[in-house]
Amino acid sequence: MNEQIVILDFGSQYTQVIARRIRECNVYSIILPFNTQAKEIAKLQPKGLILSGGPSSVYAKNAPLPDKAIFKMGIPVLGICYGVQLLAHFLGGKVEPGQKREYGKGTLTIKDDACLLFTKLPAALQVWNSHGDKLTKLPKDFKPVAGTENSAYAAIENRARHFYGLQFHPEVVHTPRGKEIIANFVHKICGCGTGWTMHNYVEQAVKAIRDQVGKERVILGLSGGVDSSVAAALLHEAIGDQLTCIFVNNGLLRANEAAIVQKVFGRHFQMKLQYEEATRAFLSKLKGVTDPERKRKIIGKTFIEVFHAAMKRAGKAKFLAQGTLYPDVIESIPIAGNPAAMIKSHHNVGGLPKNMKFELVEPLRCLFKDEVRQLGLELGLPKEIVFRQPFPGPGLAVRILGEVTPSRCEILRNADSIVVEEMKATDWYYKIWQSFAVLLPVRSVGVMGDERSYDYTIAIRAVESQDGMTADWVKLPYDLLEKLSSRITNEVKGVNRVVFDITSKPPGTIEWE
């Protein structure tokens, strides 16, 4: 990447959001642990450096502190929240506990409109605060350029050294003009252009794949989801018939999913697609099983067995491709109060045995989800695949409460296809994170025609989320809910009642199992 901004992560829950906002400015960004040495950062030749927020206090005994040499690298620095307090702490200022903590919305009043951070912004802005400490003394040669109700030093600068600090969070949506502040930093202060686009990325990624793979063959487990689909399209663009995609039909897929995958990837893109029909293998092992964790383990173990056998039939290959994304590989050092996890591992193919000796190809590992979707469109994938909603690895098995049987799969598959069809028809499908049907192990009395029925209940789940970690239930229009209920009870044999789940996460989870 020719131009990039480095973000040092001090444990903020918003660090990934900072990176995404920078990329929305068409500038590449990477996240590194807070204690990365300055000489290692310098090797990347970044155009600027951002110090993230975090849960700690700079004066605490075990506070996460960076290599002090980062302030001598001669590149622009922007400190956000805990980051601005680090600037003060290292450069001779003072940070103390605030008499009043600032959480939530605030009003930022700009005192110096010559500050490049606020170019073309109004004199007063809504911002989002989340801090208990505050600056009480500025470092030498710094001056305040904006303040809030509780902080005279809400934004500071040392214009000569290109050092800037913000006590609020410009990266969150609750700071409506925050993206413009970040854009001013990366473009006007750091001097970055706008070269980071998925159109440009294709050329770079294709070259990198060819350099890595050479003339060797690559195997990819294709699920039909967004990540594996885009990875398949990109790999095929780079190496053509050196790629073999293996698609496993476990009998727990959505309606027409197997046919769609074969049509798009096999016939349209003319990829080498190896279709594995394994419905009987999965459903026979799930017979009589009702515990959700046992279901997941059985499905995972069976997938490995089926996939292993399929790879033998596919022939010798040196590389295994995975649709790993950037959030899956970001290294996050545990900090007291930090909600982030340790280094995450990601296995699109369910965790393969150690005796499978492959080298990994991960063509999406530097991309966020929204970038992957844009890449998919750039590669010519249909909207229905690029913008499809998340689908759990165990498939319909975790949306069938109780035993998974062929008849129950058919009931849920038919109900879920109606949910998808109607959500798409009203454009709600592409507005929210997830919407789907759940088959409950509850049968109730109903009247259908002049006859008594005793059939199953379908629950409809619709949630909005940014990352799946938290979610709010979506208030779908009554007329849409009415149509869903009417169609499901009339068209799906075995269902006589439909309910709507109005539980957010927490306390519930998005999936029912």
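Student: How far apart are the mean positions of the positive and negative charges of the protein chain?

Tutor: This is a predicted model, in which local features need pLDDT of at least 70, side-chain atom pairs count only at pLDDT 80 or more, and totals for chains, interfaces and linings use all residues. Residues are numbered from 1 along each chain as its sequence is written, and side-chain values use heavy atoms, with hydrogens and water left out. Lys and Arg count as positive and Asp and Glu as negative, without His and the chain ends, each charge being placed at NZ of Lys, CZ of Arg, CG of Asp or CD of Glu. For the 66 positive and 53 negative charges, the mean positions are apart by 4 Å.

Student: How many disulfides does a search of the whole structure find?

Tutor: A disulfide is a pair of cysteine sulfur atoms within 2.5 Å. The search of the whole structure gives a count of zero.

Student: Which cysteine has the sulfur nearest to that of Cys25?

Tutor: Cys25 is in no disulfide. The nearest cysteine sulfur lies 9.5 Å away and belongs to Cys192.

Student: Is Cys25 buried or exposed?

Tutor: Buried means under 20% relative accessible area, exposed over 50%, and partly exposed in between (1.4 Å probe, protein chains only). Because its relative accessibility is 6%, Cys25 counts as buried.

Student: What is the radius of gyration of the protein chain?

Tutor: The radius is taken over C-alpha atoms, and the globule rule is 2.2 Å times the number of residues to the power 0.38. For 513 residues, a compact globule would have a value near 24 Å. The protein chain agrees with this, at 26 Å.

Student: What share of the residues of the protein chain count as buried?

Tutor: The chain has 513 residues. The buried share is 54%.
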